[in-house]
Every structure is written in structure tokens, then in C-alpha cells.
Amino acid sequence: MAALFPNISVSGSTAALLVTTDHPFNLTAAVDGEGRSLPPLCTPCCCGVLNRTLAVAFMVLLAFAIVVGNVVTLTVFVQTRQSRTPQGYLKVSLAIADMMVGVLVVPFSVYTEISLMVTSAPPIWYHGSPTSPAALSSLGGPVGPWQPCMLIGPVFAGCTFVSISTIFLMTLERSVAILWPLHKDGLVTRRRTLLLILLSWAASFLLALAPLIFSGNFTLEYNECSRMCNYTPLLFGGRLPPDANILLLFPAFDFTLLGGTLAVNIVSFTSIRLYTRKRKLLSEGSLSDAGGGGGGCLHRPSFSDIKAAKTIGILTFAFTASFSPIAVFVLGNVVGNTWCNFSFFAFWILTGNSCCNVIIYSVRDHRFRKGVTLLFQREHCPPHGEKT
């Protein structure tokens, strides 16, 4: 998710700078002299046939990778008894959130892009239509047909918030195993983990719907630049709504959890480094058993806990890296750049993170690799009646 500062053109050619987040407003959205919402200015480079074709091909491949990868992840964790741990439940929650993006969000963008290429006129719910909610509501007329983005937009926002909060919870769970290994089983239980997962899902989707629940001055429309459903303000007389700052909840949530995750990872890896250094000194005989062994050895984290903490650190790094283009996009909007093409790359790099977790698990988690191997071997095993 991202905090954006898009420039919105209003009547009278007066640029208005709005602080928003997570989903951009239509970067070049404009209103004509009668207050009607117009589609964003789209260059042939951004919205030409070749560009749309390549974008659709990329989206189809990405949706396939997201769905297949996370289905395999869920199957392995559900069928492997060793994965029925608090950490395993958190990974299942993360996989479900990622798979929802591949099942709902990406296919909707594919459908919309194909519709724009094949048909001569955009769908009736499209933001450029004179019957769109933004257009008619700003004129005080009846609201047009239901906007699918009212579902797709909050799903993408909510699933991304769930991913951030789940990675934060996974980091906390591993930090407890690293810092207090003797109290891990007492502090981190399955019941508490499931409760935290439910709370994170409820809070994430409540936050994603906050602009629609607590304000009637926003709608969701399909953006030609990002190829996604984005929050759009309903302009009255060419002016932004007075409660537009409600969208500041999005960056506050994003950066608070990412900052907290980074801080917890620093503490955990500092402890791992100290333990590794202490273990090296013990092996070299530079540190006596009285000073570093004995009872102290009982408090050391296990090798599997250390490796799991490093894996979650890689997950955090991957998510932060996919989030970084959005941060660059924010800075560009602050100085007045719209960057239509770059907005596509920024948002879809973030979307592509939904298929990265299974790759990280395959490389770092030997239990996951073993589960995948057993899963495919089981599918190729003949029935018991056919065995000789």
C-alpha cells in the first residue's frame, strides 16, 4: 500500500494537492465546467494497444503465479502436521490474503483492460462514463450502476494491510523464540495466535473501508494509469471534500507497522549476532564454560528458530522492497510529477509481492520443501490395490 500525493486538476485549471494513501486518486482526473468527472489524460505510450496487450499478458501470468503458488503453500501447511504451529497459522493467513489478490484483484484488472481493447465503448460503470457515481453524485443526480471497484478496491487494500500486519505478527513470534526461548510455548499459543489473526483481518478491512464508512465524499474508480481501482474524491464545485484527510489513516498504519517490524528485526538479529559470537568464542576456548556455558546454554535459541527468524527477515525485506517504488512515487507527486507509467510499475510491483512468499519458503524452509515433495509424490503414488 502506499501514501500518495497525486495532483488533481480542478475546474479553472487550478491544481490542488491532496494527501492520500494506499490507492491513488486518478492522477490526471479532471472536472469540466459543469462539474462532471472526466477520464484521466492517457498518452498512447500508456494506454496504446501494444501497451495494454503487454500489460494483460503480465497480469495473466502474475495471477497464475499468485494462485498456484499460494494454493501449494496452503496445501502443504494444511496437510503437514509439523506446520500446525503458531508460525504455520500466520503463514496460512498470509497465503490466503495473497491468494485473494490473485483471485479477485488481478483478474478484474485483466477483464477491464480486455474490455477496453475489444469494445468500442468502456463498461457502463467505468469512471469516464457520464453515469458514473462520481459524475452523478457531484451533480446531485441519481447514482448510476453499481461500481465493481467498490468491492475490488477494499479487497486489495484490506489484503495488503493483512499482509503487513501478518508479517509484523510473524516477526513478534520469532522475536519471542529468539529472546525468551524458555517462555516461547507459554507466551505464543495457538489460541492467542488465531485470535490475533482474526483481529488483524477485521482491523485491516475496517481500515480499508474507513473512507466509505466514515465519509460519504469518496468513491472507487478504475484508474487508467495504475490499472487498479483507486479511491477518488467527489468534487463539489471543483473543491476537495473537507474530510479528505481521513485517508491519512492508510500511511499511518503502513509506516507504523513497517517501522515496528524493522525495529523488532533489529533487536532479534542483534541477539542472534551476540549469540553467534559467544558460540564462536566458546568453540575457540576464548570464553570459559563458567562465563558462557552451564545454565546459560539452556536459554539459547534453537537453530531452527534462528533460521526461521532469518526467513521472516527476508520476507520483511521483500515486502519493503516492493513497497519502495510507492514511496518514490509519493516523493514525485509531492514535487508535482504525475508519472502515469511509473504508477503502473509501482503498484504492480507491490501486487507481485503476493507470489514471492512461496519462492522464499522454497529456498529457506526445508520443511516446506519436504512437504511439497511429499505432496507431489503422493499424487503420483498408485492406489494400494495396484501395488504388487
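I looked up the second largest cavity, which holds about 90 Å³ of space. I took a cavity as a set of points, on a 1 Å grid over the protein atoms alone, where a 1.4 Å probe fits but cannot get out, with lining residues having an atom within 4 Å of a point. A volume is the space filled by probe spheres set on the points, which are joined across faces, edges and corners. My search of the whole structure gave 4 cavities of 30 Å³ or more.

The model is predicted: local features need pLDDT of at least 70, side-chain atom pairs count only at pLDDT 80 or more, and totals for chains, interfaces and linings use all residues. Residues are numbered from 1 along each chain as its sequence is written, and side-chain values use heavy atoms, without hydrogens and water.

I then read the lining, which includes Asp 98, Phe 156, Phe 319 and Asn 353. By class I noted 6 nonpolar, 5 polar and 1 charged residues (nonpolar: Ala, Val, Leu, Ile, Met, Phe, Trp, Tyr, Cys and Pro; charged: Asp, Glu, Lys and Arg; polar: the others, Gly among them). Helix α5 gives the largest share, 4 residues; α3, α5 (149–179) and α12 (340–352) each supply at least two. Helices are DSSP runs (H or I, at least four residues), numbered from the N terminus.

Next I checked Phe 64, which sits in helix α2 (residues 49–79). Phe 64 counts as exposed because its relative accessibility is 59% (exposed is over 50%, buried under 20%, partly exposed in between; 1.4 Å probe, protein chains only). I found its C-alpha 9.3 Å from that of Cys 355, 291 residues apart in sequence.

Notes:
On a 1 Å grid over the protein atoms alone, a cavity is a set of points where a 1.4 Å probe fits but cannot get out, and a pocket is an open set with protein on both sides within 12 Å along at least five of seven lines; lining residues have an atom within 4 Å of a point.
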